[in-house]
Structures are given as C-alpha cells and as structure tokens.
Amino acid sequence: MSIPYIPLGHPPHPPSLPALGLGTWKAPKGVVASVVTAALQSGYRMLDCACDYGNEQEVGAGISAALSGGTITRDDIFVTSKLWNTFH
C-alpha cells in the first residue's frame, strides 16, 4: 500500500506526515492489537488514538508486534493521541 505524505517543514529534509491513518475508535476489544499489527505491516504509518477509547494497551501490543517483525521501526510510526482537559 502506498500512502502519500504531507511535508511538515522546509527543504532540504522536512519531516513528513502520512496523509492517511488508522483510527482506533470503537474498535472492538480483543481485535485491536491484531488490526494495528496488520495495518502497520500493510503500510499504514499513522495511528489515531485517545485515552477515552480505552484500548491503549491493545494498540501498544499491536505496535510492539509489528516492530518485532523488523521491517519497520518506531521512528516510522506517528501515534496521535488525545486527552480531556481534566487529565492534563
């Protein structure tokens, strides 16, 4: 899968953000880890997460499983998360 990237800075080597990511909201418990792993192995490099989703441990397990395959590194992945203001 080829996902376009959006440059975030100026040349010569701007960081880039994937234009498409995997949302983890309302993902059923018990399948999140395998879905995250499969998405990362398929080419996704951005994950949309939040404390309110309640699946942080499964998302982390999926990331860990994908990283253990050795084809991607943590530096390749963007993890977006959100907190309610009461948790800051």
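Which residues of helix α1 (residues 32–42) are buried? In this predicted model, they are Val32, Val36, Thr37, Ala39 and Leu40. Buried here means under 20% relative accessible area, exposed means over 50%, and partly exposed lies in between (1.4 Å probe, protein chains only).

## Reading the model

Residues are numbered from 1 along each chain as its sequence is written, and side-chain values use heavy atoms, with hydrogens and water left out. Because the model is predicted, local features need pLDDT of at least 70 and side-chain atom pairs count only at pLDDT 80 or more, while totals for chains, interfaces and linings use all residues.

## Overall layout

The protein chain has two helices and five strands, and from the N terminus on they run β-β-β-α-β-α-β. Helices (H or I, at least four residues) and strands (E, at least two) are DSSP runs, numbered from the N terminus.

The C-alpha atoms fill a box of roughly 40 × 35 × 20 Å along the principal axes. Of the 88 residues, 27% are buried. Among contacts (heavy atoms within 4.5 Å) with a separation of 6 or more, 61% join residues 24 or more positions apart.

## Helix α1 and its neighbours

After α1 comes Gly43, which has a positive phi, near 125°.

## One salt bridge

How many salt bridges does the count come to? The answer is one, with a salt bridge defined as a side-chain nitrogen of Lys or Arg within 4 Å of a carboxyl oxygen of Asp or Glu. The partners are Asp48 and Lys82, at 2.6 Å from N to O. Asp48 lies in strand β4 (residues 46–48) and Lys82 in the segment after β5 (78–80), so the pair ties together parts that are 34 residues apart in sequence.

Both ends are partly exposed: Asp48 has 27% relative accessibility, and Lys82 has 36%.

## The cysteines

If you are wondering about disulfides (cysteine sulfur atoms within 2.5 Å), a search of the whole structure finds zero. Cys49 is buried at 9% relative accessibility, whereas Cys51 is partly exposed at 32%.
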